[in-house]
Amino acid sequence: LANPSCTNLKHIFLYTTAITSAQRRGEEVQTSKKWAAGQNKQHLVTKNTAKLDRETEELHHDRVPLEVGKVIQQGRQEKGLTQKDLATKINEKPQVIADYECGRAIPNNQVMGKIERAIGLKLRGKDIGQPLEPKTKK
């Protein structure tokens with residue numbers, strides 16, 4: 001039997017009854033399932049979540065130090081921003097900011113750079129918490 005190309009319920013019903021009756025008669029029926037068809041794409045696991053799931057005692061991933069989290073929180077509060085405001089400003093989800101402040105996030109240089117520019121404080125290197133010097137034009 002050929003796979004129906006129409007999504008009409010009547011056609012689907014006829015198709016499934018034809019398969020069922022062929023199976024009852026003992027005929028060989030070939031079916032194929034499309035991989036990941038009909039899944040809800042909203043609940044895909046992100047890379048960092050997958051990394052954390054695979055984590056064991058021997059294999060662990062570095063997380064943002066609490067010192068950096070406190071600097072992010074203080075810098076955000078000095079600017080009068082909520083976690084949601086800061087997240088909107090850097091085009092990230094509010095949960096990302098919460099994870100960075102609590103020390104649960106795996107550091108990402110791109111995100112760290114965006115947060116540094118938004119709050120005006122250094123988050124990487126030796127002088128964490130120092131004001132970010134603007135780049136001078138040569």
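This is a predicted model: local features need pLDDT of at least 70, side-chain atom pairs count only at pLDDT 80 or more; totals for chains, interfaces and linings use all residues.
Residues are numbered from 1 along each chain as its sequence is written, and side-chain values use heavy atoms, with hydrogens and water left out.

K122 counts as buried because its relative accessibility is 17%, buried meaning under 20% relative accessible area with a 1.4 Å probe and protein chains only. Its side chain forms a polar contact of 3.3 Å with the side chain of D127 (a pair of N or O atoms within 3.5 Å, one able to donate a hydrogen and the other to accept it; residues adjacent in sequence count only if both atoms are side-chain atoms). Beyond four places in sequence, K122 is in contact (heavy atoms within 4.5 Å) with residues including V71, E116 and L132.

The largest nonpolar core contains 18 residues, and I72, L86, Y100, I115 and L123 have the most contacts inside it. Such a core is a set of buried Ala, Val, Leu, Ile, Met, Phe, Trp, Tyr and Cys residues joined through side-chain atoms within 4.5 Å. Two or more residues each come from α3 (66–78), α4 (83–89), α5 (94–102) and α6 (109–119), and α6 gives the most, with five.

Within α6, the buried residues include V111, I115 and I119, and their cover includes α3, α4 and α5. G120, with a positive phi near 75°, follows α6.

How values were computed. Buried means under 20% relative accessible area, exposed over 50%, partly exposed in between (1.4 Å probe, protein chains only). Helices (H or I, at least four residues) and strands (E, at least two) are DSSP runs, numbered from the N terminus.
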